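Student: I would like a close look at one part of this model. Please take me through its aromatic ring pairs.

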Amino acid sequence: GVEFQGSINDFVSNSTGTITATLSPAGTATIDNDFTIASGSFTLTTATSNLTILGLLTHSGTTFTSNNNAVSVGTFLNNGTFNAPSSSNTLTITAGNFTNNGTFNASTSTTVFAGSTSILGSTNPTFRNITIAVGGDLTPPSGVTPLELAGDFTNNGVFNQGTGTVTFRNTVNGLKTIAGTQPTRFYNLNIENNTSNPDVSVAGTVNLANVLTLSSNAILDAD
């Protein structure tokens, strides 16, 4: 395994095995530039800590496992399998785009968009919870590819809806909430039915520009 401590300039792994990394002392480790997994797997230990990558995270290996650690990156590029933070920890994109060409396992995390971010890539991810931070703006996938999430959508910044669709998936049961300090304008909104009644509740200001689609027995509480 490896131990991260303090600030590191760059990190590149060409290992064909699994690297287990510990942030020591438990707290925060900062990569001042880029972090690259070229091959193999990378696992953060389960201690609750924060890994901050100021530049580009490129994962082209097998599996990146966050466990119970918060991960913050400038720009996100996944070509392998990325397991997002578990529990209530966050994956934060602070500056650039979120590009997924592999498998993105959202776990129970919230993905926070704190910079100017577009969702790109050949494989459409399903997020658990999405938060647009104050000062952040998010552009969803273009064309027929929807922005998919299985949890809450919180907008405290800017959501550039374009002509796309936002889909609340039924892969996780329970009430989903649309909230935030800023009004959210959706172009198309699709809500799938799960065990909750209602399935989605609006707690902020929402405008719909085009089509609302409710799957069989799905309920939207717009009050």
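Are F153 and F159 buried or exposed?

Tutor: Both are buried: F153 is, and F159 is too. Keep in mind that this is a predicted model.

Start with the overall count. The structure holds 18 aromatic pairs. Take F11 and F35 as one of them. Their ring centres lie 4.8 Å apart and their planes meet at 20°. Stacked pairs need planes under 30 degrees apart, so F11 and F35 count as stacked. This pair links distant parts of the chain. F11 sits in strand β3 (residues 11-13), while F35 sits in strand β6 (residues 35-37). The two are 24 residues apart. F11 and F35 are both buried.

Now return to F153 and F159. Here the ring centres are 5.3 Å apart, with the planes at 80°. Edge-to-face requires an angle over 60 degrees, so this pair is edge-to-face. As you asked, F153 and F159 are buried.

Ring pairs join F11 and F35 with F42, F64, F76, F82, F98, F104, F113 and F127 in a cluster.

T110 has 17% relative accessibility, so it counts as buried. Its side chain makes a polar contact with the side chain of N129, at 3.5 Å. Leaving aside neighbours within four places in sequence, T110 is in contact with N89, T90 and L91, and also with N129, I130 and T131.

How values were computed: Residues are numbered from 1 along each chain as its sequence is written. This is a predicted model: local features need pLDDT of at least 70, side-chain atom pairs count only at pLDDT 80 or more; totals for chains, interfaces and linings use all residues. Side-chain values use heavy atoms; hydrogens and water are left out. Rings of Phe, Tyr and Trp (its six-membered ring) pair if their centres lie within 6.5 Å; planes under 30 degrees apart count as stacked, over 60 as edge-to-face and the rest as tilted. Helices (H or I, at least four residues) and strands (E, at least two) are DSSP runs, numbered from the N terminus. Buried means under 20% relative accessible area, exposed over 50%, partly exposed in between (1.4 Å probe, protein chains only). A polar contact is a pair of N or O atoms within 3.5 Å; within protein, one must be able to donate a hydrogen and the other to accept it, and residues adjacent in sequence count only if both atoms are side-chain atoms. Contact means heavy atoms within 4.5 Å.
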